[in-house]
Amino acid sequence: MTTGSQIRLLVVDDEQSIRRLCMTIGDTLGYSCTEAESAEAVIARLSQNPPDIVVTDLRLPNLSGAELLRQVKARSAETEVVIMTGHGSVGSAVEAMKLGAYDYIEKPFRVEEMRLLLRRMAEKIRLVKENRVLRERVETEQELDGIIGDSPTIREVLRVIGRL
């Protein structure tokens with residue numbers, strides 16, 4: 001997941017025009033964008049540096065977008081995935097959601113529709129990250145409750161530990 005504030009977007013589609021469009025939308029939102037034309041190309045990179053958001057076509061050569069979704073979630077549960085398809089059906093949308101997809105979008109999509117979807121996904125990622133940081137802070141503060149002392153040195157140590 002992202003360590004800074006920039007969202008990392010990965011677009012997976014065998015159609016270059018769709019990849020470029022999604023990457024252009026991501027670029028306008030200030031995301032760091034990469035692309036791949038197959039699920040196999042993505043799976044090799046997942047464990048090294050997982051993206052924050054994956055936008056994938058449902059129909060890909062060899063491995064499907066649904067299988068890619070399974071692989072992404074198995075390796076990086078916090079990565080959000082949206083499934084795109086030009087062959088939409090209620091069944092495939094339900095399957096994608098059951099597998100953990102954030103959302104499902106039909107091609108052709110409107111640019112503004114994709115932009116709003118990516119913004120919502122980025123906001124969820126930000127909130128999850130913020131929640132994790134706050135939980136860690138609360139746990140750290142609870143662990144420090146057992147330290148006894150009121151000298152200026154102890155207070156300074158506790159203040160430094162709290163900042164860390």
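I began with burial: 38% of the 164 residues of the protein chain count as buried (under 20% relative accessible area, 1.4 Å probe, protein chains only). This is a predicted model, where local features need pLDDT of at least 70, side-chain atom pairs count only at pLDDT 80 or more, and totals for chains, interfaces and linings use all residues. Residues are numbered from 1 along each chain as its sequence is written, and side-chain values use heavy atoms, leaving out hydrogens and water.

**Overall form.** I checked the radius of gyration: the protein chain has 20 Å, while a compact globule of 164 residues would have one near 15 Å (C-alpha atoms; rule 2.2 Å times the number of residues to the power 0.38). The C-alpha atoms fill a box of roughly 70 × 30 × 30 Å along the principal axes.

**Elements.** I found six helices and five strands (DSSP runs, H or I of at least four residues, E of at least two, numbered from the N terminus). Their order from the N terminus is β-α-β-α-β-α-β-α-β-α-α.

**Strand S3.** I then looked at residues 53-57. Five of the five residues of S3 are buried, so the strand is largely enclosed by the rest of the structure. Ile53, Val55 and Asp57 point one way, Val54 and Thr56 the other.

**Its neighbours.** S1 (residues 8-12) runs parallel to S3, joined by four bridges (pairing takes at least two DSSP bridges). Valine 12 has threonine 56 as its bridge partner in S3. S4 (residues 80-85) also pairs with S3 in the parallel sense, over five bridges. There, valine 54 stands opposite valine 81. From S3 the chain crosses through helix H3 (residues 65-75) to S4, a right-handed β-α-β crossover (clockwise from first strand over helix to second, with the strands pointing away from the viewer).

How values were computed:
Buried means under 20% relative accessible area, exposed over 50%, partly exposed in between (1.4 Å probe, protein chains only).
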